[in-house]
Amino acid sequence: MGRVPKVTLADATAFVRNPVVFIAGRWTPAPSTVQRAALAALVMSVVIVVTGGAVRLTGSGLGCPTWPKCTEDSLTATSAMGVHGAIEFGNRMLTYVLCAAVGWAIVAARSQKPWRRSLTRLGWAQFWVVMGNAVLGGIVVLVGLNPYTVAAHFLLSTALIAVATVMWQRTRESDTAPRPLAGKAVQQLVWVLVAATVLLIAVGTVVTGAGPHAGDSSDVERMPLDWENVSRLHAVLAWIVVTLTFALWFVLKAVDAPEGPLHRTRDLFLVLLAQGVIGYVQYFTDLPEVLVGAHMLGSCLVWIATLRVLLSLRERPEVMADVPGPSAEAVPTRA
């Protein structure tokens, strides 16, 4: 067993002053460790969305009726609050797990040698989105699950997934200038696809806000819209996204694009088909909670797959170090 390093007062002071920098000065993670840390943050950003959906679908949205405490007199859920209190409080606790995952990503990115400032900034961006969404989640409870705040809560989670996806991708790239792998017309088509996907997700939150799953057994306000009409609009947008994806795949084949964009487009198409099947089945079976939860997971996966298509349109090649050749004086000459 090795000797335990002696911690001096200066070390303790440096750690308290800036623990991230302190760790970075004493730890150099492998590139695979940084990638796993970024992936863990992405996975947890999806998990928190799905578990938040479970809170709403089980009617536990007001299981803890106040915030930041669970009740006026208790920080945690009590046995008298039943299963709804346990579910809501459990979801609040998962926020700390998400923070831990994001924190690991930040520390790993800051400790990598050489330090990549862009990765660290993406990690901190996730942290501040998590903090903002935690406060917004508290507001959702305090205003009695107002559907507009619930929609904003979900959309901010979608933004978190976007930043986490970009960071995960960047951990597998260098910091050189990006080089496009497709022409301008293809890039424009992909941006139209991204915009349509954002609109699809946004209308999905309206479907939720006008639909029957209010998140609590009490009389919760709903958006004053015809739920079936909004659902039809959502389905039309879904078909538009599917059509754009199918068209993109054909265009990429026609221009003989690299395998990366083709594979990412194929993945998106498959995820969209699965999501569409779940969407139609839940619509015609009166929205069973399990399928609604699966549809929320599918929404996250569609968004990640769409972003991966966008990110696959460029590459950042590694910089090859120049190896000096032998000097003229070092080359032996024949007598």
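By salt bridge I mean a side-chain nitrogen of Lys or Arg within 4 Å of a carboxyl oxygen of Asp or Glu. Both residues belong to helix 8 (residues 227-254) and sit four residues apart, about one turn of the helix. Helices (H or I, at least four residues) and strands (E, at least two) are DSSP runs, numbered from the N terminus. Arg232 is partly exposed, with a relative accessible area of 44%, and Glu228 is likewise partly exposed, at 38%. Here buried means under 20% relative accessible area, exposed over 50%, and partly exposed in between, with a 1.4 Å probe and protein chains only.

A word on the basis of these values. This is a predicted model, in which local features need pLDDT of at least 70 and side-chain atom pairs count only at pLDDT 80 or more, while totals for chains, interfaces and linings use all residues. Residues are numbered from 1 along each chain as its sequence is written, and side-chain values use heavy atoms, with hydrogens and water left out.

Turning to the whole chain, the secondary structure comes to 10 helices and two strands, in the order α-α-α-α-α-α-β-α-α-α-α-β. The C-alpha atoms fill a box of roughly 100 × 65 × 30 Å along the principal axes. Of the 335 residues, 43% count as buried. If we take contacts (heavy atoms within 4.5 Å) between residues at least 6 apart in sequence, 77% of them join residues at least 24 apart.

How many salt bridges does the chain hold by the stated rule? The count comes to 10. One of them pairs Arg116 with Asp175 at 3.1 Å, N to O. That pair links distant parts of the chain, 59 residues apart: Arg116 is in the loop between helix 4 and helix 5 (117-142), and Asp175 in the loop between helix 6 (147-170) and strand 1 (179-180). Arg116 is buried, at 9% relative accessible area, whereas Asp175 is partly exposed, at 44%.

Another salt bridge joins the side chains of Arg179 and Glu315, at 2.0 Å, N to O. Arg179 lies in strand 1 and Glu315 in strand 2 (residues 314-315), so this pair ties together parts that are 136 residues apart in sequence. Arg179 is partly exposed at 44% relative accessibility, as is Glu315 at 27%.

I turn now to the cysteines. Which two of them form a disulfide? They are Cys64 and Cys70, whose sulfur atoms are 1.9 Å apart; a disulfide is a pair of cysteine sulfur atoms within 2.5 Å. The count by this rule is one. The link is left-handed, with -70° about the S-S bond. Cys64 is buried, with a relative accessible area of 0%, and Cys70 is also buried, at 0%. Cys99 is in no disulfide, the nearest cysteine sulfur, that of Cys64, being 17 Å away.

Lastly, Thr66 lies in the loop between helix 3 (31-57) and helix 4 (82-111). Thr66 is buried, with a relative accessible area of 13%. Leaving aside neighbours within four places in sequence, Thr66 is in contact with Thr71, Glu72, Arg92, Val141 and Leu142.
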